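Visitor: I'm new to this one. Could you walk me through it, feature by feature?

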Amino acid sequence: MPLTFTLDPAVTPALRDGLLDLWTDVTNTGGAVGFVPPVTHEDVRPELLRHFAAMSEGRARLLVGQDEEGRVAATAFLTFNTHRLMTHWLWLYTVMVHPRHQGKGYGRDLLAVAEDAARGLGFEAIRLTCRGGLGLERFYASCGYKEVGRVPGAIRVGPGEDRDDIFMLLPLA
């Protein structure tokens, strides 16, 4: 059954808790979403609150995918550029699909809905970054994104464990 996607859902306690569950579960199963496992809700909460602050300031939009039971199953934040010379493209941050739903095509669905939302908002491109060493750049490339830059060893996940920071771009025009 496909996910139901909503752009700018009401931020309720249930949604907040669902996002915390998603982010914690994705991280703890090896997902590259800004943390290194193990994490708890309390580790993730400050970063989620920063995203909510950006939303309340009009700098970001939230895209949520819910499964047939109404649980948060996927998410991405569409974040606007504030630099006056870069307002024609946006960033896609914290792209996640819950581990129980991975392999069902929901990641592609999430990116397609994000693309439609960005295009509908008048943007000309989407940029994102991903952590090297996990094959994420191949997934994004299969969804139309092009690698446009790479900073070797920019992400340190542990002592002696550095990963590349890979920049990807999806033109919308």
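This is a predicted model: local features need pLDDT of at least 70, side-chain atom pairs count only at pLDDT 80 or more; totals for chains, interfaces and linings use all residues.

Guide: Happy to. Let's start with a strand residue, Thr 75, which lies in strand S3.

Visitor: Is Thr 75 buried or exposed, and why?

Guide: Buried means under 20% relative accessible area. Thr 75 has 0% relative accessibility, so it counts as buried.

Visitor: Which residues is Thr 75 in contact with?

Guide: Skip the neighbours within four places in sequence, and Thr 75 is in contact with Leu 19, Leu 22, Leu 62, Leu 63, Val 64, Thr 94, Val 95, Met 96 and Leu 110. Look at Leu 63 in particular: the side chain of Thr 75 reaches the backbone oxygen of Leu 63 at 3.0 Å.

Visitor: Now helices. How do I read helix H1?

Guide: Here's the general idea: an α-helix has 3.6 residues a turn, so residues three or four places apart point the same way. In this model, H1 covers residues 13–28, which makes 16 residues. From first C-alpha to last, H1 reaches 22 Å, close to the 22 Å expected at 1.5 Å a residue.

Visitor: Which residues of H1 are buried, and what covers them?

Guide: The buried ones are Leu 15, Gly 18, Leu 19, Leu 20, Leu 22, Trp 23, Thr 24, Val 26 and Thr 27. Their cover includes helix H2 (41–56), along with strands S2 (60–66), S3 (72–80) and S4 (89–97). Just after H1, Gly 30 takes a positive phi of about 100°.

Visitor: What does the side chain of Thr 24 reach?

Guide: Thr 24 lies in H1, and its side chain reaches the backbone oxygen of Leu 20 at 2.8 Å. With a relative accessibility of 7%, Thr 24 counts as buried. Beyond its neighbours within four places in sequence, Thr 24 is in contact with Val 39, Thr 40, His 41 and Val 44.

Visitor: And how many residues does H2 have?

Guide: H2 has 16 residues, and reaches 21 Å from its first C-alpha to its last, close to the 22 Å expected. Its buried residues are Val 44, Leu 48, His 51, Phe 52, Ala 54 and Met 55. What covers them includes H1, S2, S3 and S4. Just after H2, Gly 58 takes a positive phi of about 80°.

Visitor: Sequence and space can tell separate stories. How many residues apart are Ile 126 and Leu 92 in sequence?

Guide: They are 34 residues apart in sequence, and 6.6 Å apart in space, C-alpha to C-alpha. Ile 126 is found in strand S5 (residues 125–131), and it is buried, with a relative accessible area of 0%. Leaving aside neighbours within four places in sequence, its contacts include Leu 90, Leu 92, Ala 114, Tyr 145 and Met 168.

Terms used:
Residues are numbered from 1 along each chain as its sequence is written. Side-chain values use heavy atoms; hydrogens and water are left out. Helices (H or I, at least four residues) and strands (E, at least two) are DSSP runs, numbered from the N terminus. The expected span of a helix is 1.5 Å times one less than its number of residues. Buried means under 20% relative accessible area, exposed over 50%, partly exposed in between (1.4 Å probe, protein chains only). Contact means heavy atoms within 4.5 Å. A polar contact is a pair of N or O atoms within 3.5 Å; within protein, one must be able to donate a hydrogen and the other to accept it, and residues adjacent in sequence count only if both atoms are side-chain atoms.
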